[in-house]
Amino acid sequence: MNAKRKQKLYIILALVGLAAVAVGLALFALRSNINLFFSPIQIAEGKAPIERQIRAGGMVREGSVERDLDSLDVSFTVTDYIEDVEVRYSGILPDLFREGQGVVVVGSLQPEGWIRADQVLARHDENYMPPEVAEALEASGYSPADYKEKAEEVSKRVEDNAASTQN
Amino acid sequence: MFTKMIPELGHFALIIALLMSAIQAVVPLAGAATRRPLWMAYARPMAVGQFAFLVVAYGCLTFSYMVDDFSVANVANNSNSMLPWYYKFSAVWGNHEGSVLLWSLMLAAWTFAVSVFSRNLPRDVLARVLGVMGLVSLGFLAFVLITSNPFERLLPNAPTDGADLNPLLQDFGLIIHPPMLYMGYVGFSVVFAFAIAALLGGRLDAAWARWARPWTNIAWSFLTVGIALGSWWAYYELGWGGWWFWDPVENASLLPWLAGTALIHSLAVTEKRGSFKSWTVLLAISTFSLSLLGTFLVRSGVLTSVHAFANDPSRGLFILALLGLTVGASLLLFALRAPRVSHQIGFSWLSRDALLLINNIVLVIITVTVLLGTVYPLLLDALNLGKISVGPPYFNALFVPLTVILCLFMGIGPLARWKRSDLGWLIRRTWLSGVVALVLAAVIPFIYDGEWNLQVSLGLAIALWIVLPMLRDLFDKSRHRHGRMAGLRRLSPAYWGMVLGHLGVAVSIIGVAVVSNYAIERNVRMAVGDSVQVAGYTFTMTELGSRRGPNFVADTARIKVQKGESQSHFVMSPEKRLYIARGMPMTDVALRPGLFRDLYLAMGEDLGDGSWAMRVQYKPFIRWLWLGALLMALGGVLAVADRRYRRTATATKVTGHSAGQGEQGAGANFQEART
C-alpha cells in the first residue's frame, strides 16, 4: 500500500468509526427522548407508563376548565367521549385553547391517574385538528363530522355567553 | 373589463414558462452531449424568456391580490378586503400555491443570473448548467400547473369577500422571511447544476470550483438570513419568547444550511488544492436534495404547523416523486461518473486540508443526526408503527457537543497552512489564545452573575477560542512596511469574508449560551395596580383597555417599567388581538429590544376577575443570536467580492489535469493573504 492509499484507508476507518459512534449516541438519545402518544382510552386501560414523559390528547371536555383564583394553576379534562383524564397545568394556555376542541398535552402521568402537563398544544388555526387526536377519536367511534359539529356548538355557546355577559 | 382577464393572462404566461423550461432542459443538454453549438445556444434565451414570463405570471397574481379579485380562489382563500396593502402583497406567498409560484420565480431568477454573469463559461458547461436548472424548473412548474394552480377561478359565484390571511402571517417578518429562505433553498440549485454538469462533462477542476463558489456563498448567505429571520419571527410572533423549537419545519431549513456550510468549506479545498472533488460533488447534490426535502416536508402536509398549507395528498406525492427522481438520478449519475473526476492528492494530518476534512465530517454527522430526529417520527408514522415525537432534548444532547467539537477545530483551521503545517509553529501561535479564552470564560460568569456556570463558560470559551487565534492571525498578516492600515487593506475580501463568517459563529454562540442560561421567564397574574419585579425591573400594570384595528379588535394593557430605583420609566403596551374574519386570537408582544437585553411582555389570557395572565421575560444577549447570523451572511457575500472570481476569462482556459494548477493558485493566493 502506498502512502496515499494508506491515508485514504485511515480516513475511511475514521469516518466509519465516527459515524458508528454518532449513530450509537443518536439512538441512545432518541430512546430516552421519544414521546409516545396515548389516548384517554389507552390511559384508562393502563397502557401508558407512569411518570415518564408522554403525549396525550383528545377533546377538552366542555365546562371542565377550572382556574385557581390566586395563581396560574389550571385543570381541565381531556376526553375521547368514552374515557376521561384530568390534566393539571401551571401557566398560560395557548391562544387557541378552547373547550370542546382538540388539544395535545406533553407531560407525565401520575400514579393517581392525572397528568401533570409541561406543555399544552392547541391547534394553529380553525381547521386544524391534531392528527393523533383525530385518530384517537375515530378509534372511539367518533367521526370528524361529530366533533366538528360539537366544537361549533360549543364555540357558539361560548360566544353567546360572552355576548350576553357584555350586554 | 380588461382587469378581469388578468388571472387568465397570468395562467397563460405560466404555461409558456413551462414550455420554455422544457426546451431549456432538453435542447442544450442534448446539444452538449452531441456537440452542437446551435442547440447549446438555446440555453440562454430560454432562461431569459422563462424568467420574463414567470415575472408576468407572478405579477398577475399579485395584481389580483391588490385589487381584491375574489373570483380567484387563491385570493378568496387567503386575502380580505380589510387587509392592508402590504399584507395583500405578502399574502401572495402566505399560502401553498403562491409560495410554490414564488419558488419557481426565484429558480428562474437564479437561472437568469447565471446566464447573465457566466458569459465567460465554456459553451458546453453553460449549456449543461442551464439545462439542469431547466429540468428542475420543469418539475416545479409542472407541479404548480398540475396540482397547485394559483389562478383557479371561483366563477360564476365569486365570494364578496375573502377568508383573510392567517393572522400569524400578518406581520413584517412574513414579508421578508419566506423570500429570503427560498432564495437560499433555490440558490443551491445553481451549485447542484454545476455539479451535475461536471459529472456529465467529466471535467471537474479548480476552475470549476471557482465558478461554483460565488453562487454557493450567495445562496448560503440568503439561507442564513432566512433562518435567522424565521427564528426572530417565532420569537416575537408566537408570544412564548422561544427562538428555536427544534420543530421539524425549522429543522427542514437547518438541514440544507448544515450541508451547505460543509459544502462551502469543501469547495475551498477543491479550488485551492484540487482535491475532495467527488466529495464536493456529493455535498452539492446532498445540499440541494435537502433543500427539496425541506420543501417536501413543509409543503406536503405531512407536518402540521403554520407552514403546512397543503393537505392535498396528491401534492405531497408529486413533490415526493420529484424529490425521489432528483436524488435517485443524481446519485446514480454520481456513482457512474464520480470515479472519472476524482483525483488523489496527499496531505499531512496537520494541515488546513485535514482540518477542513474534519469540519466536513463533523458537519455531516450533525446533519445526519438532525435528519434522523426529524424524519424518524415521520417514517414510523408512514409505516404505521405508532405516533411519536422527538423532543428538543434529543437535538440538544447531540447538537451541542458536536458543535463544541466543530469549534475546537475551527479555532486552528484558519491559521493552518495548506498541505502541511508545523505543529510547533501552530502551538506557538495559539497557546496564548487558548489560555486567555479559558481564563476569560471562567471569570466572566462570576462578574456577570456572581456565580460560576459551566454552560456559559463553555460557550464563552469556544467563542473566544474561535475569535482570539483569528485576531492574532489578523495581527500577523496585517504587518506591512507602510503601517498596519496598509497591511489590513492588502488582505483579500475572501480572507475578510472568512473572518466575518467565523466571528458571526462566535457571536451567535455567545448569544445562545447567555440567553439559554440567564433568561428569566415569569408567568404572573396581574390586575391594574399590581407590579412584579424581574431582573431589577419593576413592571406595573397601569391600565387595561381595548381598541379596534383595521381587521381586528384587541384587549390592551399598559405596563409601566422602571429600572431599579430610578424615577424615569417607559411604557410597554402588549395586546391580545381577535382577528375578525377568522375569529382567531393572537398575541401581540410588547418588546423593548437592546443589544444586551430584551424585555418581553405578552398577554396570556383573561382570567375573568379583571386580572390577566402575563408573560414577563428578561432575555439577555438574545440579539446576538441573529446578529451573529447576519455577520455570517455578510461574510459569505464579502468573500464573493474577491478579485479572483472576476478573472473568469482566464480561468476558462484551465482544463484537464488540475492538480498543479490548483496548487499554484493556492500558492499565489496564499501569498496574497500572508504578505
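# A walk through chains A and B

Start by colouring chain B by its assigned domains: domain 1 covers 1-170, domain 2 is pieced together from 202-320, 348-420 and 642-675, domain 3 takes 422-491, and domain 4 spans 520-622. Keep in mind as you click around that this is a predicted model.

**Stop 1: two domains of chain B**

Select domain 1 and domain 4 of chain B. Their C-alpha centres are 42 Å apart. How many residues of domain 1 of chain B are in contact with domain 4 of chain B? There are 8 on the domain 1 side, and they meet 7 residues of domain 4. Sort the domain 1 side by class and you get 6 nonpolar residues, 1 polar and 1 charged.

**Stop 2: the nonpolar core**

Now hide the surface and go inside. The largest nonpolar core holds 240 residues. As background, nonpolar side chains in soluble globular proteins tend to be buried together.

Leaving out residues up to four places away in sequence, Ile510(B) touches Gly459(B), Leu460(B), Ala463(B), Phe621(B) and Trp624(B).

**Stop 3: where the chains meet**

Bring chain A back into view. Across the boundary, 36 residues of chain B are in contact with 32 residues of chain A. On the chain B side, the elements that give two or more residues are helices H13 (352-382) and H14 (392-412), along with strands S1 (388-390), S2 (520-527), S8 (584-588), S10 (597-606) and S11 (611-620). Which of them gives the most? Pick H13(B), which puts in 7 residues. By class, the chain B side of this contact has 17 nonpolar, 14 polar and 5 charged residues.

Next, select residues 34-38 of chain A, which make up strand S1, together with S1(B). These two strands, from two chains, pair in the antiparallel sense over 3 bridges. To see one of the bridges, click Leu36(A): its partner in S1(B) is Ile388(B).

**Stop 4: chain A and its strand S4**

Chain A has 167 residues, and 29% of them count as buried. Look at contacts between residues at least 6 apart in sequence: 55% of these join residues at least 24 apart.

Now select residues 73-79 of chain A. This is strand S4, and it is mostly covered, with 5 of its 7 residues buried. What does S4(A) pair with? Take its partners one by one:

- Strand S2 (residues 53-60) of chain A pairs with S4(A) in the antiparallel sense over 2 bridges. Click Val60(A) and look across to its bridge partner, Val78(A).
- Strand S3 (residues 66-67) of chain A runs antiparallel to S4(A), joined by 2 bridges. Here Glu66(A) stands opposite Ser75(A), and the two strands form a hairpin with 5 residues between them.
- Strand S5 (residues 84-90) of chain A also runs antiparallel to S4(A), and 7 bridges join them. Phe76(A) stands opposite Val87(A).

S4(A) and S5(A) form a hairpin too, with 4 residues between them. Have a look at Tyr81(A) in that turn, where phi is positive at about 70°.

**Stop 5**

Most residues other than glycine have a negative phi.

Select Lys419(B), in the loop between H14 and helix H15 (423-449) of chain B. Phi here is near 70°, a positive value in a residue that isn't glycine. Why does Lys419(B) count as partly exposed? Because it has 19 C-beta neighbours inside 10 Å, while being buried takes 20 or more.

Finish at Ala535(B), in the loop between strand S3 (531-534) and strand S4 (537-548) of chain B. Ala535(B) isn't a glycine either, yet its phi is positive, at about 50°. With 16 C-beta neighbours inside 10 Å, Ala535(B) counts as partly exposed as well.

Terms used
Residues numbered from 1 in each chain as written. Chains lettered and ligands numbered in written order. Predicted model: local features only at pLDDT ≥ 70, side-chain atom pairs only at ≥ 80, totals over all residues. Contact = placed C-beta atoms within 7 Å. Nonpolar A, V, L, I, M, F, W, Y, C, P; charged D, E, K, R; others polar. Pairing = 2+ DSSP bridges. Core = buried A, V, L, I, M, F, W, Y, C linked by C-beta atoms within 7 Å. Buried ≥ 20, exposed ≤ 12 C-beta atoms within 10 Å, placed from the backbone. Domains from an automatic or database assignment.
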